[in-house]
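Let's take a friendly look at how charged side chains can pair up inside a protein. Have the model ready as you read along.

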Amino acid sequence: MRWSGQQVLTDGVGEAAALPGLRGLLRSVRTPEFAGTVFHEVEAKSALNRVPGSSPMPFGWTVNPYRGCSHACVYCFARNTHTYLDLDAGADFDSQIVVKVNVGRVLARELARPSWAREPVAMGTNTDPYQRAEGRYRLMPEIIRALTRSGTPFSILTKGTVLGRDLPDLAAAAREVPVGLGVSLALADRALQGRLEPGTPSPPARLDLVKRIADAGLDCGVMVAPVLPLLTDSAEALDALLERVRAAGASGVSVLALHLRPGTREWFMDWLAREYPALVPAYERLYRGGAYVDPEYRRALAERVRPLLRRHGLDRSAGVQRTGGDGFPHGAPPAERLAAPVVEQLTLL
């Protein structure tokens with residue numbers, strides 16, 4: 001099926017149960033522009049997701065217009081969420097994308113409720129709202145307008161350069177409500193990036209996005225995450241990346257080590273065994289305690305990163321137009337808190 005003639009005009013017509021666990025299905029779409037990918041268009045009953053009170057996340061609400069992500073990052077922490085749909089956390093997560101086609105309209109209704117307290121809303125905390133399909137579905141402009149009109153602060157973390165399309169809307173929103181923008185950039189090595197994140201824009205393209213955001217007068221934090229032990233964690237690699245991040249105009253940086261939750265762990269370790277089999281024993285030792293890397297490694301990484309952030313002037317708070325409190329839109333930890341394992345890695349990611 002091609003894209004033409006697929007505009008959804010009304011709510012409440014998607015009742016098919018073609019996928020277990022997937023309600024409100026309207027249609028499943030295949031298109032030559034996205035070979036090997038299926039888009040499951042659904043009508044969502046809700047848009048705002050409350051973060052559980054037990055979560056360490058520094059925000060209380062999220063909006064996720066998509067489930068699954070064509071960025072196909074082998075380390076993405078959100079992979080296991082696809083199993084809730086009876087899909088797998090590996091190839092299905094990369095290629096079976098759920099699109100909430102009515103998310104903007106539903107969000108506007110929820111934000112209009114008298115009970116809505118205009119608490120900050122975070123996007124990009126599960127899968128990327130600016131993955132490639134956003135270029136076609138254009139869900140984010142309506143989401144941005146709904147949040148702005150309701151007076152709700154919001155933040156966006158992305159690897160997707162499609163965000164550049166919405167910079168005028170985001171600049172206008174920032175004049176009305178606090179807006180935090182962040183770009184996720186784990187490494188500068190294009191060959192390794194192509195194997196780790198095959199569906200993402202290149203590092204130079206994301207650095208250009210940082211510059212475009214800064215040129216639009218908006219703060220832009222950069223999340224250097226995940227740092228991969230023995231692959232991207234050398235002082236030389238991090239120094240070179242931070243130099244480019246600073247030159248692009250980033251207003252702050254957060255650095256987080258890789259963590260491997262169930263679902264992600266299996267997919268990543270299979271990739272590591274294919275690409276870098278000699279590193280498998282070291283990773284098994286570093287992650288023998290569970291999802292988080294060994295505490296000694298975290299402390300060593302923090303010691304390595306701290307002087308690099310100072311050298312590049314990236315150890316300061318990044319201004320005021322954000323919803324987080326430490327220079328990054330989601331409140332991610334700066335280097336001095338790298339040793340603490342309590343904050344969930346916001347990989348898109």
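What follows is a short tour of some charged pairs.

This is a predicted model, in which local features need pLDDT of at least 70 and side-chain atom pairs count only at pLDDT 80 or more, while totals for chains, interfaces and linings use all residues. Residues are numbered from 1 along each chain as its sequence is written, and side-chain values use heavy atoms, leaving out hydrogens and water.

Side chains of opposite charge can pair when their charged atoms come close. Searching the whole structure gives 13 salt bridges (a side-chain nitrogen of Lys or Arg within 4 Å of a carboxyl oxygen of Asp or Glu).

| Pair | N to O distance |
|---|---|
| D94 and R79 | 2.8 Å |
| R165 and E134 | 2.8 Å |
| R288 and D294 | 3.6 Å |

Start with D94 and R79, whose side chains meet in a salt bridge. D94 sits in helix α1 (residues 91–95) and R79 in the loop between β5 (66–67) and α1, so this pair ties together parts 15 residues apart in sequence. (Helices, H or I of at least four residues, and strands, E of at least two, are DSSP runs numbered from the N terminus.) Both D94 and R79 are buried; buried means under 20% relative accessible area, exposed over 50%, and partly exposed in between, using a 1.4 Å probe and protein chains only.

Next, the side chains of R165 and E134 meet. R165 is partly exposed at 26%, whereas E134 is buried at 0%. A network of salt bridges links E134, R165 and D166.
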